[in-house]
Amino acid sequence: MREELIKFVVCPDCRGKLKIIKSRKIERIKDGERIEEIWDGILKCTKCGRYFPVVRGVLWIYPKNFVRIDIIGKISKVLTE
Ligand SMILES: [Zn+2]
């Protein structure tokens, strides 16, 4: 995902802003233009403290009651790398 898109995304539970805790970026060429994207990473809600992973360029954002065990595994894996 493009880093500049983060400012348009809010936490689905408390509508707080998200900030990047950890990220690994890639560069690629799109329409002849070099763009930088977050490939893997962790975003954190600045209000309630929830974590949201970015997995292979996709932000996994979902309400609290949709927590899945495989997502928790990915978060803890990225945080401990
Ligand atoms: Zn929140």
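Ile26 has Glu37 of strand S2 as its bridge partner, a handy place to start looking around this predicted model. Residue numbers count from 1 along each chain as its sequence is written. Because the model is predicted, local features need pLDDT of at least 70 and side-chain atom pairs count only at pLDDT 80 or more, while totals for chains, interfaces and linings use all residues.

**Overall layout**
- The protein chain holds one helix and four strands, where helices (H or I, at least four residues) and strands (E, at least two) are DSSP runs numbered from the N terminus.
- Along the sequence, these elements follow the pattern β-β-β-β-α.
- The radius of gyration, taken over C-alpha atoms, is 13 Å for the protein chain, close to the 12 Å that the globule rule gives for 81 residues, so the chain is as compact as a globular protein of that length. That rule is 2.2 Å times the number of residues to the power 0.38.
- Along the principal axes, the C-alpha atoms fill a box of roughly 40 × 25 × 20 Å.

**The sheet**
- Four strands form an open sheet in the order S1-S2-S3-S4, with antiparallel pairing; two strands pair if DSSP finds at least two bridges between them.
- S1 and strand S4 (58-59) stand at the edges with a single partner strand each, so one side of each is left without a neighbour in the sheet.
- Twelve bridges join S1 to S2 (residues 33-45), and the two run antiparallel.
- S1 and S2 form a hairpin with two residues between them, and Asp31 in the turn has a positive phi of about 50°.
- Strand S3 (residues 51-55) pairs with S4 over two bridges, in the antiparallel sense; Val54 stands opposite Leu59 in S4.

**Burial and core**
- Buried residues make up 10% of the 81 residues in the protein chain (buried means 20 or more other C-beta atoms within 10 Å of the residue's own, with C-beta atoms placed from the backbone).
- Of the 13 residues of S1 (residues 18-30), the number buried is one, so this strand lies largely in the open.
- The largest nonpolar core has six residues: Cys11, Leu18, Ile38, Leu43, Phe52 and Val54. Such a core is a set of buried Ala, Val, Leu, Ile, Met, Phe, Trp, Tyr and Cys residues joined through C-beta atoms within 7 Å.
- S2 and S3 each supply at least two residues of this core.

**Contacts**
- Leaving aside neighbours within four places in sequence, Leu43 is in contact (C-beta atoms, placed from the backbone, within 7 Å) with residues including Ile6, Leu18, Phe52, Val54 and Leu59.
- Among contacts between residues at least 6 apart in sequence, 49% join residues at least 24 apart.

Key:
A residue is buried if 20 or more other C-beta atoms lie within 10 Å of its own, exposed if 12 or fewer, and partly exposed in between; C-beta atoms are placed from the backbone. Two residues are in contact if their C-beta atoms, placed from the backbone, lie within 7 Å.
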